[in-house]
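Subject: Structure for you to look through

Hello,

Here is the structure that I promised to pass on to you, together with some notes to read beside it. Please open the model first and keep it in view while you read.

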Amino acid sequence: MGAADWCRSSAGAALVLATSSDPQHPAENMADGSSETFWTTTGMFPQEFIIGFPKCVKISKVAIQCYLVRTLRIERSISKDPVDFEQCVEKDLQHTEGQLQMEEFPLPDFPATYLRFIIKSAFDHFVSVHRVMAEGTAENT
């Protein structure tokens, strides 16, 4: 991705919440910039995670690398706290046997301080999320 990736921990992003925890595959893996590491759910749906940005960011595109996700919803918040989310996009992903799903969601310069990803359903009992990316520019604040 060309512009700044605001979902990386090196850009100041923070994982605020994840509904599953596996010590072998922690949620922080999604923000390390590598497709080799990942977060895995521990069964049951929906599952979700929230990423907070260090400042308000104008998002132009969100991308995700995951495995076995069926339905994904992305929401955003512009609050100082991770509340008052509004839906940006919801999509049924294609099943890709044996390889990562790579999905991009163009967004019309949505301002956001938090993004919430809700995995509503899956093709199996467990899914993995390898990377999330949010391309955009910092708002002038």
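Predicted model: local features only at pLDDT ≥ 70, side-chain atom pairs only at ≥ 80, totals over all residues.

Residues are numbered from 1 along each chain as its sequence is written, and side-chain values use heavy atoms, with hydrogens and water left out.

The whole chain

The protein chain has eight strands and zero helices, where helices (H or I, at least four residues) and strands (E, at least two) are DSSP runs numbered from the N terminus. The radius of gyration, which is taken over C-alpha atoms, is 14 Å for this chain, close to the 14 Å that the globule rule gives for 141 residues, so the chain is as compact as a globular protein of that length. That rule is 2.2 Å times the number of residues to the power 0.38. Along its principal axes, the C-alpha trace spans about 45 × 30 × 30 Å.

Of the 141 residues, 46% are buried; buried means under 20% relative accessible area, exposed means over 50%, and partly exposed lies in between (1.4 Å probe, protein chains only). The chain exposes about 7100 Å², of which carbon and sulfur atoms supply 48%, with accessible areas coming from the Shrake-Rupley method with a 1.4 Å probe, and for residues only the protein chains shown count as cover. Among contacts (heavy atoms within 4.5 Å) with a separation of 6 or more, 78% are between residues 24 or more positions apart.

The core

A nonpolar core is a set of buried Ala, Val, Leu, Ile, Met, Phe, Trp, Tyr and Cys residues joined through side-chain atoms within 4.5 Å. The largest one here has 32 residues, and those that touch the most other members are F53, L72, F117, V129 and V132. Strands β4, β5 (69-77), β7 and β8 each supply at least two residues of this core. If we leave aside neighbours within four places in sequence, V129 is in contact with M30, F38, W39, F49, I64, Q65, C66 and I119.

The salt bridges

Side chains of opposite charge can pair when their charged atoms come close. How many salt bridges does a search of the whole structure find? The search finds nine, a salt bridge being a side-chain nitrogen of Lys or Arg within 4 Å of a carboxyl oxygen of Asp or Glu.

One of them joins the side chains of D5 and R131 (3.5 Å, N to O). This pair links distant parts of the chain, since D5 is in strand β1 (residues 4-5) and R131 in strand β8, 126 residues apart. D5 is buried, with a relative accessible area of 13%, and R131 is buried too, at 16%.

Another joins K61 and E104 through their side chains (3.5 Å, N to O); here K61 is in strand β4 (residues 47-67) and E104 in strand β7 (residues 101-122), 43 residues apart. E104 is partly exposed, with a relative accessible area of 48%.

K91 also forms a salt bridge, with E103, and the closest N and O atoms of that pair are 2.8 Å apart. K91 lies in strand β6 (residues 86-92) and E103 in strand β7, so the pair ties together parts that are 12 residues apart in sequence. K91 counts as partly exposed at 33% relative accessibility, whereas E103 is buried at 13%.

A few single residues

S128 is found in strand β8 (residues 128-138) and is buried, with a relative accessible area of 9%. Not counting residues up to four places away in sequence, S128 touches F38, W39, T40, C66 and Y67.

T113 lies in strand β7 and is buried, at 11% relative accessible area. With neighbours within four places in sequence left aside, the residues in contact with T113 include I51, G52, F53 and S77.

A63, in strand β4, is buried, with a relative accessible area of 5%. The C-alpha atoms of A63 and H125 are separated by 23 Å, and these residues are 62 residues apart along the chain.

Best wishes
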